Amino acid sequence: MNPTPLPDHGPSPSDPGESEVRAVFARVALDVTPGPVPLAAVRRAGRERRRRRAAGLSVLGAAAAVAAVVTLVPVRASSPAPEPVAAPPTAVRTSVPAVSPTVAPIRIRTVRPGERVDAGQGHLVWLTEDGKHWADTDGLENFRSVSDGNIDLAHPGISHQSEGGPAGAFHSGLYYGTRTAGRVELTYAGGRPVLATLLELPDRPGWGVWYAFTGPGGGRATVTLYDSAGRRLADLPG
């Protein structure tokens, strides 16, 4: 069974209208006194928001700086770099003039007393504290003293002994009166100087022995003693 609808009689004459309701609320609102504004809380909230914003900006700046450093630092290759090619040394100019091999000081060989030196072509040379000893191709021994008073060891000087034949000559002798001997040269008239080999005993006693070979037909040679700086100390004309 369907219920019977109630009759609609419309709004009651006693109900207030919408305009009246609005007017009532307006009068009530005018009578309300607002509370104080929480300024301290508002300021704290503002400071907190600014702090968080500044912290975020700092983090972003640091991240940007790290990214820049990572970008700029080169990455080292795992394989070793090739070795650089060495440039040729630069010539250094000095104040010492160049000298030819014939005038350059030679190394003086130090020998033990009595040590026999093969001077070549069957000749032997040895030194003792008393002087120079040598033997020729026939085994004949000779001696030249430095202690018999015939040599002045206080002043530079030189002696000369030679023997030979058509094939050439063996020359030898003493040099003395210096501890800075540099070289001994033999010079023939119009010929090229011949450098001699020098022998000394240990501790540089102030004298030594020289020897050299010359070719056939040389004639008599002038013998000259120089010091290590190239200064002539003594000569013995041929």
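Start your tour by selecting residues 181-187, strand β9, together with residues 222-227, strand β13: the two run antiparallel and are joined by six bridges. Strands here are DSSP runs of E at least two residues long, numbered from the N terminus, and two strands pair if DSSP finds at least two bridges between them.

Before going on, a word about what is on screen. This is a predicted model, in which local features need pLDDT of at least 70 and side-chain atom pairs count only at pLDDT 80 or more, while totals for chains, interfaces and linings use all residues. Residues are numbered from 1 along each chain as its sequence is written, and side-chain values use heavy atoms, with hydrogens and water left out.

**The sheet**

Now widen the selection to the open sheet of four strands, whose order is β10-β9-β13-β14 with antiparallel pairing. At its edges lie β10 (194-195) and β14 (232-236), each pairing on one side only.

Next, click on valine 223 in β13. Which residue is the bridge partner of valine 223? It is leucine 186. Valine 223 also stands opposite leucine 236 in β14.

Follow β13 onward to β14: four bridges pair these strands in the antiparallel sense. Together they make a hairpin with four residues between the strands, and glycine 230 in the turn has a positive phi of about 90°.

**The largest pocket**

Select Ser162, Ala169, His171, Gly219 and Arg220 next; among the 16 residues lining the largest pocket, these lie nearest its centre. A pocket, on a 1 Å grid over the protein atoms alone, is an open set of points where a 1.4 Å probe fits, with protein on both sides within 12 Å along at least five of seven lines; lining residues have an atom within 4 Å of a point. The space in this pocket is about 190 Å³, a volume filled by probe spheres set on the points.

**Aspartate 152**

For the last stop, go to the loop between β5 (141-145) and β6 (157-158), where aspartate 152 lies.

Show its side chain: a polar contact of 2.7 Å joins it to the side chain of histidine 155. Such a contact is a pair of N or O atoms within 3.5 Å, one able to donate a hydrogen and the other to accept it. The aspartate 152 side chain also reaches the backbone nitrogen of alanine 154 at 3.0 Å.
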